[in-house]
Amino acid sequence: MRYIPHTADDRAAMLAALGLSDTGSLFEDIPAAARLGRPLRVPGPLTEMELQAAMRRDAAKNRSTEDLVCFLGGQFYDRFIPSAVGALAGRGEFATSYTPYQPELSQGTLAVIYEFQSMMAGLTGLAAAQASMYDGASAVAEAALLALDTTHRLTVVMDRGVFPESRQVAATYVTARGGRVVVPAADQSLDELLASLAEPPAAVVVQQPDVMGRVRDLRPLAAWAHERGALAIAAADPVALALIEPPGRMGFDVVVGEGQPLGNGLQYGGPTFGFFCVQEALVRRLPGRVVGATHDGSHKRGYVLTLQAREQHIRRERATSNICSNHSLNALQATIYLALLGPEGLREVARLSAAKAHYLVDRLTALPGFARMAPDAPYLFEVALTVPGSVADLNRYLLDRGILGGWDMGRWDPAWAGGWQLAVTEQRTRAELDQLVEAVSTWQ
Amino acid sequence: MAVGTDWQQADRTPLIYDRSHPGRRGVRLPAPDVPAVDEAALLGPSLARTAPLGLPEVAENDVVRHYTALSQMNYGVDTGFYPLGSCTMKYNPKVNEWVAALPGFQRVHPLQPEETVPGLLELLAMMEEILGEISGMDAVTLQPAAGAQGELTGVLLMRALIRARGEERHTLIIPDSAHGTNPATAAMAGYRVAVVPSNVRGGVDLAALRGLVNGDTAGLMLTNPNTLGLFEDEILEIAEVVHQAGGLLYYDGANANAILGEVRPGDMGFDVVHLNLHKTFSTPHGGGGPGSGPVGVKAVLEPFLPGPRLRRAPSGELSWDGDRPQSIGKVRSYYGNVGIVLRALAYILSHGPEGLRDVAHTAVLNANYLRWRLADRFPTRYDRSVMHEFVLTLAGQKERGASALDVAKRLIDYGVYPPTVYFPLVVKEALMVEPTETESKETLDRFADALAAIDKEIDATPEALKTAPHHTPVGRLDEAEAARRPNIRWRAAGGAEGPPGR
């Protein structure tokens with residue numbers, strides 16, 4: 001078979017050593033009544049040539065962002081990825097290694113994670129980061145669990161402006177632990193909800209920028225939470241953090257987020273990674289893996305997995321989380337991406353995206369019936385608009401013209417019916433922006 | 001000048017920050033083709049960033065040399081033999097990477113309309129069906145991102161069904177040999193953990209299990225073959241005991257490589273199963289992930305699966321159905337690790353039914369052959385034939401002065417990544433070896449010869465073990481120091497507060 005090296009002679013020699021005539025007798029512990037006793041009904045086998053042809057055919061049935069102009073966002077963005085990211089992250093020494101349990105053979109992975117932790121802590125304005133989570137949504141969920149454990153309270157308040165995927169995953173995790181997630185009603189502000197609470201919550205969770213694209217001053221919220229012994233948790237876009245004061249510097253205790261915008265492809269939503277950063281006092285409550293610097297016997301600097309007394313393989317049912325596999329390879333891509341861009345490059349990505357978004361939105365809102373849904377705060381490169389008519393209708397019209405229009409926000413939350421969420425990245429050219437405005441102006 | 005890379009001359013593992021030089025850039029972006037925005041004016045003084053970003057400033061060539069050097073300080077399956085027990089470090093086929101990178105799969109946004117991704121949805125539906133067939137389950141969700149998340153999904157599904165029956169149960173039974181994720185998952189879902197001991201044959205102690213189950217038992221989480229590499233031959237009785245008490249059976253699929261095409265969890269009595277695509281189905285471990293942990297269930301549990309689910313219209317078209325009133329809720333954003341699912345699908349299609357069965361048979365043959373090669377010096381605690389892996393006890397070597405860790409570190413000098421050490425906890429001085437089916441007889445023989453040579457060194461040259469490894473970028477690192485005074489991020493020389501740079 002394809003990846004099995006044994007010849008018939010190899011097998012015969014190995015079986016002879018074991019005193020067996022065939023491998024079947026090695027399966028005698030399996031009760032006869034449970035045996036499958038027939039071949040699996042799965043397709044194949046295909047040679048590599050056949051497999052490539054079949055997969056190329058299936059891939060060609062999809063329309064990618066290579067042939068559609070993409071204005072979709074929702075924590076996943078059509079950003080530019082320099083060639084060096086894939087070339088380096090694809091190296092087999094990185095890609096085919098396991099969790100760095102033997103540090104002497106894993107200094108590459110460990111040093112990368114240490115760099116990653118340093119970069120993410122710096123971006124979010126906090127003391128520390130861990131090695132990566134599955135995605136932004138599960139990072140929000142784990143942050144909520146951290147708050148339950150730290151405060152011994154059971155209610156997590158989540159702003160309605162937190163992306164619905166994160167809200168939903170957090171609700172699953174928090175409910176599983178016996179807690180509850182409370183979200184402001186459609187006609188209620190976060191402040192109104194907070195004022196109505198009988199008991200202080202474990203945490204308040206907000207998105208920065210939020211689902212409408214609003215960038216807000218979060219300092220009062222952090223102060224509110226801390227006065228009541230609650231944690232302040234923010235989910236943030238890592239590219240937006242290049243321009244906005246990070247939540248960690250606005251007093252937030254935990255900053256998490258979806259890492260896809262940093263050098264990771266769209267891949268229909270995964271794999272990407274989540275980041276998870278905390279202030280100093282919460283370091284020993286981090287979920288998942290953490291890498292620390294230390295020395296060997298000859299005082300040579302090296303890196304190891306550390307603070308492992310939090311983790312499932314040591315603490316079992318007393319661990320801070322059950323997370324084992326994380327998304328190390330995706331975090332590596334982000335680390336290489338951030339190294340390539342540097343501080344000025346990342347600012348430029350954010351600035352360019354914002355300039356293009358503002359150019360587009362200025363033109364769209366000059367058309368009758370188009371307006372920002374939440375004009376009370378500044379936005380960067382993602383924004384929610386109302387449109388004169390059905391969003392689904394508009395998107396169908398645009399798709400016929402080769403454009404992936406903004407997201408129909410009513411499909412996320414009935415409170416946002418009629419909302420059209422547009423994301424603009426540095427990859428969109430002025431011609432593409434004009435093409436969208438042109439198409440929109442001929443709609444209806 | 002000496003030949004070698006940077007790290008061979010340095011007194012430390014290099015960091016990208018060490019190469020930083022103000023003003024350098026690795027990427028340039030096109031000049032703006034629209035009017036620029038002034039973020040200070042746009043955001044105002046309370047929102048505009050004042051803190052430095054804390055990123056290094058390096059040229060592209062610096063980045064390429066740095067990460068190439070770091071990769072050379074790493075060891076993967078592409079480098080050599082990686083017999084890490086319970087992790088199934090088999091060869092990761094290159095064509096799988098090629099498949100996942102096709103623009104029609106890679107450059108697709110999760111919010112695209114279904115009609116723009118019919119090829120992808122067909123493959124996802126095919127994978128659900130295939131994993132259902134392989135595991136003997138009626139429905140599969142691809143959403144969980146990893147095995148541990150699959151476990152959480154699974155125990156929440158069990159609770160949902162039990163509640164739908166009008167019951168509340170609070171205890172999950174877990175064997176003492178189980179992976180750490182099992183009890184951690186149970187606790188995460190708010191369950192009490194009851195530990196069932198192993199019997200003298202290394203399996204679940206059936207009598208003890210009978211004594212543990214009661215009306216509070218939500219279920220049993222079990223790996224089969226277990227972490228000792230032993231098949232639970234009383235599995236049908238175990239299932240009966242749990243089911244009769246009104247509990248459910250959860251299958252931890254970490255060791256499914258041993259049973260492909262021979263026996264299916266669904267036919268052993270399991271109600272829920274997760275599979276680790278990064279183990280059994282060859283997707284790369286990436287230095288710790290990403291994995292993918294699809295969950296399969298019996299029909300009675302299907303209504304509770306996370307949404308959205310793929311639904312086929314009478315016309316044959318697939319779309320996502322988010323209307324799942326009984327669902328436990330989402331566990332991950334969008335549809336899971338689609339790129340990993342595609343790699344695993346490519347692996348399965350490459351093998352076909354006979355090929356998958358051959359994977360299991362060869363993995364088991366390799367494990368038994370290697371165990372036989374090692375038997376005269378390194379015993380296993382249980383004298384039974386094993387499945388895909390086995391656990392040596394180095395208690396004898398320990399008495400002669402070498403711990404399992406010493407032997408593991410010395411193996412590095414012989415060019416091998418060490419097996420899993422000190423797990424499972426039920427074996428003293430454990431060394432857990434999983435060779436997988438993609439290793440040749442010569443590789444297995446070389447590994448056995450290396451372990452035999454090391455065993456002789458314990459008496460002849462004990463220092464060779466105590467000071468190992470000798471040829472790696474760093475020697476044994478002080479882990480106690482790392483935990484006592486955590487240094488988990490880089491700071492500029494002088495230890496200035498806050499991030500360095502601009």
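Axes here are lines fitted to C-alpha atoms, for helices over the stretch in contact, and angles run from 0 to 180 degrees between N-to-C directions. Keep in mind that this is a predicted model.

**Exercise 1.** Work out how helix α6 and helix α13 of chain B are oriented to each other, and which residues make the contact.

*Solution.* Start with the numbers: α6 (residues 118–135) and α13 (residues 338–374) of chain B pack at an angle of about 60 degrees, with their axes 10 Å apart. That angle makes α6(B) oblique to α13(B). Next, the handedness: the crossing of these two helices is left-handed. Now for the residues. From α6(B) come B:Leu123, B:Leu124, B:Met126, B:Met127 and B:Ile130, while α13(B) brings B:Val341, B:Leu342, B:Leu345 and B:Ile348. Sort them by class and you get 9 nonpolar, no polar and no charged residues.

**Exercise 2.** Find out why helix α15 of chain B counts as largely enclosed by the rest of the structure.

*Solution.* Count first: 7 of the 10 residues of α15(B), which spans 404–413, are buried, so the helix is largely enclosed. Among the buried ones are B:Asp406, B:Lys409 and B:Arg410. Then look at the partners: the buried residues pack against α14, β11, β12, α16 and α17 of chain B. Finally, look past the helix, where B:Gly415 follows with a positive phi, near 85 degrees.

**Exercise 3.** Decide whether A:Val391 is buried or exposed.

*Solution.* Locate A:Val391 in helix α12 (residues 391–399) of chain A. A residue needs 20 or more other C-beta atoms within 10 Å to be buried. A:Val391 has 23, so it is buried. Beyond its neighbours within four places in sequence, A:Val391 is in contact with A:Asp408, A:Gly410, A:Gly418 and A:Trp420.

Methods
Residues are numbered from 1 along each chain as its sequence is written. Chains are lettered from A and ligands numbered from 1 in the order in which they are written. This is a predicted model: local features need pLDDT of at least 70, side-chain atom pairs count only at pLDDT 80 or more; totals for chains, interfaces and linings use all residues. A residue is buried if 20 or more other C-beta atoms lie within 10 Å of its own, exposed if 12 or fewer, and partly exposed in between; C-beta atoms are placed from the backbone. Helices (H or I, at least four residues) and strands (E, at least two) are DSSP runs, numbered from the N terminus. Two residues are in contact if their C-beta atoms, placed from the backbone, lie within 7 Å. Angles under 35 degrees count as roughly parallel, over 145 as roughly antiparallel, 65 to 115 as roughly perpendicular and the rest as oblique. A crossing is left-handed if the near helix is turned anticlockwise from the far one by less than a right angle, and right-handed if clockwise. Ala, Val, Leu, Ile, Met, Phe, Trp, Tyr, Cys and Pro count as nonpolar, Asp, Glu, Lys and Arg as charged, and the others, Gly among them, as polar.
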